[in-house]
Amino acid sequence: MRKIAFLGPAATFTDIAVSDAFPDDERIPCVTIPECMDFVLEGKADLAVVPIENALEGTVNMTIDHLFHEADLTIVGELTAPIQQHLLVHPDHAPQWKEVGRVLSHPHAIAQCHKFLNRELYGIPTQQMTSTAAAAKYVNEHPEQCIAAIANSLSAEEYGLVVVQTDIHDYHFNHTRFLVLSKTHEELTFPLPQTGGKTTIVVTLPTDRPGSLHQVLATFAWRNLNLEKIESRPLKTGLGNYFFIIDVAQRIDDVLVPGAFAEMEALGCKVQVLGSYYGYEVGQTPSKI
Ligand SMILES: O=C(O)C(=O)C[C@]1(C(=O)O)C=C[C@@H](O)C=C1
């Protein structure tokens, strides 16, 4: 049985993804995303599952930054889950949910529901919590406070709360991608619907040379290699210094992908492979309310 570190407590969206992909393994809840990765580095867990991108809110910067700057781990798989956000309150406060004094959740979940909050709970302060389930747990533990959590229906069940508004995320197509991280390069496969192969690399450009990003992109373009995502993040060495994280829409092959890497290196770029892996869909059965 493997130990899987995830952003806890029980019933986060990450927990749902982990339960689907690793039904027979031990789930180890962590308080933060960096802690999930550190657990693997320190041998307290075999794998970590961490959110990387949400369809409405974009990249989870904390994940990319910790992976690049602090945690020497390999991406061995990807899980994509549908995300349904609901408004949860303690049963004592259900009738007067419109009078809540605060709305608690993970910052990404709050951001996914801005239009709802603006429309239905205008001016009510939000409070960032370490996860959606942590918000639900807090609401459960403070029945004397008229407050609400943004979280999923499993959290409502787990923490004895009432769903007073369903599907409060601002756009219908709400999905989050999670990375499975390991200290080893073991290839992971799951009996789940597959979304395809992928290779994630980090490219650092040679200092301030005109056209270098164009040249990097050209190495993929003329080989007909499709890119799914490119994003820049600060190198944290000074203003204007960035690295690029690039998702190539296929696993490393024998010729084309290594050829693109060699060409980028010849251009003076530093190329690091974060992983070459398969993606899977999880949470396809809509959760009960
Ligand atoms: O708080 C949770 O439930 C999480 O699993 C974290 C997280 C995230 O960081 O993006 C995961 C999925 C949702 O997009 C909202 C929050």
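**View A. Contact of helix 2 with helix 3.** I33, P34 and M37 of helix 2 meet M62, T63, H66 and L67 of helix 3; contact requires C-beta atoms, placed from the backbone, within 7 Å. The contact residues comprise 5 nonpolar, 2 polar and no charged. Here Ala, Val, Leu, Ile, Met, Phe, Trp, Tyr, Cys and Pro count as nonpolar, Asp, Glu, Lys and Arg as charged, and the others, Gly among them, as polar. The model is predicted: local features need pLDDT of at least 70, side-chain atom pairs count only at pLDDT 80 or more, and totals for chains, interfaces and linings use all residues. Residues are numbered from 1 along each chain as its sequence is written.

**View B. Axes of helix 2 and helix 3.** The axes of helix 2 (residues 33-41) and helix 3 (residues 61-69) come within 9 Å. They cross at roughly 35 degrees, on a scale from 0 to 180 degrees between N-to-C directions of lines fitted to C-alpha atoms over the stretch in contact. The crossing is right-handed: the near helix is turned clockwise from the far one by less than a right angle.

**View C. Shell around the ligand.** Of 15 residues around the ligand, T12, T14, H108, S131 and T132 come nearest (C-beta atom, placed from the backbone, within 6 Å). Helix 1 (13-21), strand 3 (47-54), helix 4 (107-112) and helix 6 (132-141) each give two or more residues. Helices (H or I, at least four residues) and strands (E, at least two) are DSSP runs, numbered from the N terminus. The shell holds 7 nonpolar, 8 polar and no charged residues.

Note on methods:
Contact = placed C-beta atoms within 7 Å.
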